[in-house]
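Keep the structure open as you read.

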Amino acid sequence: MPADLRDRPEPVPPLPRRVRVGYGLGSLCTGTFATVPGLILLYYLTNVLAVPAAVAGAAVFLPKAWDVLINPLVGAVSDRSRLRGGPRRPFLLLGACTLPPLFALLFAAPPVRGAAAAAYVAVVFLLAATSYAVFQVPYVTMPAEMTEDPAERRRVLGWRVAFLGVAILLSGAFAPAIAHAEGDSPVSYRAMGVAVALLLAVGMFGAWFSTRWAPTVARSEAEPSIRAQLAAARSHRPFLHLLVMWSVQALAVGVMLAGVQYFATYTLGSPGAVTPLFACLIGPLVLVMPLWNRLARTRGVKTAQWCASLLFVVGSLLLALTPVAGAGVGYAATAVIGVAYAGLQLLPMTLLADTLAADVVRTGRRRAATFTGLWTAAETLAFALGAGVFALVLAATGFRSSEADQEVAQPGVALTGITLGMSVLPALLAAASLWALHRYREDGPAGRSVPVPLKEETSRDD
């Protein structure tokens, strides 16, 4: 046999389709849990449970700040795990058994109001955030361990992105609709909590069950301590700049998500307007994501990320004109933001995957668990901080909290704060993130990353 044929590596067998699709189901959990609390929880506290805005912001933010500690810890524990079923799947099962009931309890507060209600929500949210970390950190690590073929790994991530869009659209559109069905009553919020818990269970148990057929061809190992993990991040400049960029952009998105319900109620004049408003925001996700993928393929992922970031800034600034120009401008601006948001969901994930692959080549070490743990912790913290920042805007402008059956007139400065907090503040944050994007240097052939495909190749069979 010729030498060149003997030395050619064996082709990597494709993953079964049920593994790729089943793994993607897990995004029904990650997309939903990242969306619904950020969209509804702050409003639930201030407008249903009569919690003052500053206290409500602390109740939403502090439990999620716990993720900074728990996410890297979960990564390290799962790395060392020798449980039956592999190093990751037992954690997926534990999260699937605990998060859905905790989420239902989160919106089933006892008949207390004010500080007592805030304490209840904070404790349950802390437990739910811990359960989510137990599922999420091993989940995002699995693609790097299922296959060493970059093309196959991108197919797996493609399904994850597709289900992520479905999760955000379903949970973001229908959760507020259910919550407002009974006029913002505690009963309607309890029904919403149960409905979302069922969606979480479908995604989490589906991912756990389907990945039983996934091979483990490589094991990534996290650094032994949080200090060591932070040191590894500081030493990897491309990852550090990418992390800073996405954390600030996630903060901008978190501020906007926290403000959507207030914007619908007080700027557009109807709590129910949140459903079409969110549909404008998320509707373009699946439709335009192939266009972002094509731009990334032809011009490079970093260039596409620049375009998505700038478009988000422009759309956010246009949103500030709603009180003057009317609701039509508000919906149109939200659709522009939605087009940008599609890119912001796809492109940072692609840049991260390529950066981690380049790190393996550069160092010879598989540190995906370390970097993904830090990434998910920073992302979750940023989204939670977004709600806290918007709560501070409400408190600073004199927003008046109330119970569900009360109508409280808001001062004019509070109404202005809601509009600017929903529009100008996210625009400023997104603009600030461009500094880190400018400093980021892509790791990949010819400085150009490879985008994640969005559609499954029909030629692949089980």
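**Helix packing and the core**

In α3, Ala 34, Gly 38, Leu 39, Leu 42, Tyr 43, Thr 46 and Asn 47 meet Leu 257, Ala 258, Val 260, Gln 261, Tyr 262, Thr 265 and Tyr 266 of α11. Contact means heavy atoms within 4.5 Å. By class, this contact has nine nonpolar, five polar and no charged residues. Ala, Val, Leu, Ile, Met, Phe, Trp, Tyr, Cys and Pro count as nonpolar; Asp, Glu, Lys and Arg count as charged; the others, Gly among them, count as polar.

This is a predicted model: local features need pLDDT of at least 70, side-chain atom pairs count only at pLDDT 80 or more, and totals for chains, interfaces and linings use all residues. Residues are numbered from 1 along each chain as its sequence is written, and side-chain values use heavy atoms, leaving out hydrogens and water.

The largest nonpolar core has 120 residues. Such a core is a set of buried Ala, Val, Leu, Ile, Met, Phe, Trp, Tyr and Cys residues joined through side-chain atoms within 4.5 Å. Helix α11 (residues 237-267) gives the largest share, 17 residues. Helices are DSSP runs (H or I, at least four residues), numbered from the N terminus.

Tyr 189 is among the residues with the most contacts inside this core. Beyond four places in sequence, Tyr 189 is in contact with Ile 40, Tyr 43, Tyr 44, Val 48, Phe 107, Ala 179, His 180 and Asp 184.

Gln 305 sits in helix α14 (residues 301-319). Gln 305 counts as buried because its relative accessibility is 0%; buried means under 20% relative accessible area (1.4 Å probe, protein chains only).

Terms used
Buried < 20%, exposed > 50% of the residue type's maximum accessible area, 1.4 Å probe, protein only. Helix = DSSP H or I, 4+ residues; strand = E, 2+ residues; numbered from the N terminus.
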